[in-house]
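Me: I would like to go through this structure with you. Could we begin with how its helices pack?

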Amino acid sequence: MMHNRRKNNRIAAIFLCLCMLVMACSGCGQKKQEEEQTKSGGTLVFQYGNNLVTKGEVYIYIETVRERYEMQYGSDVWQTVLPDGGEGTSMENLTREEVVKEIVRVKTLCAHAEELGITLSESEIADLNQKADDFCDGLTDEQQQMMEITKEKAEKVMQENAIATKVENEILADRKIEISDEEARMTTFYDMYFECYSMDENGVITPYTDDQKKQQYDNAAQACATLATADLQENADAENIEKLAEYYQLDQAQMQTMSPSQILETYGQDVYDLLYNMENGQYSTVVETQYGYHVFQMIALTDQAKTNEQKVVLYNQQVQEALSDTLTKWQAQIDPIFKYPDSVDMDVYDTIVNDTVGTKQIN
């Protein structure tokens with residue numbers, strides 16, 4: 001911390017003494033911090049209130065968040081760049097911040113567990129400890145040593161998360177949050193897409209000529225005719241449409257799983273109406289959009305597995321919205337100056353992400 005001091009000859013001696021005192025205190029502070037890090041059982045990543053959050057603890061949260069994101073968005077999610085004032089924010093950087101926010105949220109909720117009379121039963125603790133054992137068993141000795149993982153740290157994370165969930169439930173006891181299938185609906189379909197533009201390595205888009213567009217339309221119509229003669233039952237898993245996409249070398253043809261709002265935003269009202277008037281297994285005629293020509297196959301108007309996953313996502317969003325005011329107030333009481341990334345030792349944080357050996361990473 002920088003201090004502005006007036007200097008003059010009359011207080012030179014006093015100033016010198018003060019400097020010596022500050023240096024001495026600084027040494028004491030550094031020594032105390034090192035002692036705290038040693039006491040906490042690992043390398044300190046950040047301090048939130050009285051909570052010393054170490055390398056091993058952060059790593060466990062990173063793995064948990066990574067698995068959740070990959071389950072929702074696929075393993076290639078980390079290459080995604082989100083629009084942010086024209087420059088873009090990578091999912092990797094966004095997720096790093098989310099990990100810290102998650103830890104702060106859990107610590108904040110746990111700080112109020114005692115006053116709410118919330119504890120874990122012996123059976124709950126046993127189940128959570130088994131979960132911690134399973135997590136540790138999935139790591140090599142080298143991984144555990146490098147990331148400073150211990151069974152005790154894993155148990156602590158599991159138990160704190162369980163307590164935090166109970167505190168959430170207590171706060172929300174008088175507020176019923178339910179997500180219906182319709183609200184969470186996810187639809188899976190195959191988009192056999194015949195593009196009508198090219199893109200170079202610099203992202204410059206060049207529309208096809210009229211002759212090229214006509215060829216793409218003819219290919220789409222021919223593919224549509226081929227599918228129309230096939231038995232729907234044989235094609236319920238979209239095998240034939242995928243083989244046709246390979247035959248026409250359609251690099252961007254793929255299975256899509258989207259919410260109704262995502263379909264509307266991506267394809268427009270006409271395609272939205274078309275898809276939701278189809279039956280499972282049914283093929284569309286050739287459809288033209290701003291991107292080119294499409295032949296769709298409806299796989300599942302309501303993909304139940306993906307819909308159930310979306311329910312969890314929407315539920316958590318509503319929970320966080322309902323808890324927002326309470327958490328903001330509690331966090332200010334615990335540590336009013338905590339802020340990402342200023343309060344985080346990013347050098348240590350980077351080693352957790354970048355130096356992980358033999359595991360999937362958030363990058």
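Reply: In this predicted model, α6 and α12 pack at an angle of about 90°, with their axes 11 Å apart. That angle makes α6 roughly perpendicular to α12, a term that covers 65 to 115 degrees. Axes are lines fitted to C-alpha atoms over the stretch in contact, and angles run from 0 to 180 degrees between N-to-C directions. Helices are DSSP runs of H or I with at least four residues, strands are E runs of at least two, and both are numbered from the N terminus.

Me: Which residues of α6 and α12 meet there?

Reply: From α6 come V167, E168, N169 and I171, and they meet Y315, V319, Q320, L323, T326 and W330 of α12. Contact means heavy atoms within 4.5 Å. By class, the contact has six nonpolar, three polar and one charged residues. Here Ala, Val, Leu, Ile, Met, Phe, Trp, Tyr, Cys and Pro count as nonpolar, Asp, Glu, Lys and Arg as charged, and the others, Gly among them, as polar.

Me: Which residues touch the most other members of the largest nonpolar core?

Reply: They are V45, F46, V58, V99, Y349 and I352, in a core of 47 residues. Such a core is a set of buried Ala, Val, Leu, Ile, Met, Phe, Trp, Tyr and Cys residues joined through side-chain atoms within 4.5 Å. Buried means under 20% relative accessible area, exposed over 50%, and partly exposed in between, with a 1.4 Å probe and protein chains only.

Me: What is Y349 in contact with, leaving aside its neighbours within four places in sequence?

Reply: Y349 is in contact with V45, V58, I62, R96, V99, V100, Y340 and V344.

Me: Which value does phi of Q249 take?

Reply: Phi of Q249 is near 55°, a positive value in a residue other than glycine. Q249 lies in the loop between α9 (239-247) and β8 (254-258) and is exposed, with a relative accessible area of 64%. Phi of E148 is likewise positive, near 55°, and E148 is in the loop between α5 (141-146) and α6.

Me: A change of topic: is Q333 buried or exposed?

Reply: Q333, in helix α12, counts as exposed at 55% relative accessibility.

Me: What is the mean pLDDT of the chain?

Reply: The mean is 83, and 77% of the residues reach 70 or more; pLDDT is the predictor's confidence in each residue, from 0 to 100. Over residues 1-27 the pLDDT is below 50, and this stretch has three contacts beyond near neighbours in sequence. Residues 29-40 also have pLDDT below 50, with eight such contacts. Where pLDDT is low, the predicted coordinates should not be read in detail.

Me: Which conventions apply?

Reply: Local features need pLDDT of at least 70, and side-chain atom pairs count only at pLDDT 80 or more, whereas totals for chains, interfaces and linings use all residues. Residues are numbered from 1 along each chain as its sequence is written, and side-chain values use heavy atoms, with hydrogens and water left out.

Conventions: Angles under 35 degrees count as roughly parallel, over 145 as roughly antiparallel, 65 to 115 as roughly perpendicular and the rest as oblique.
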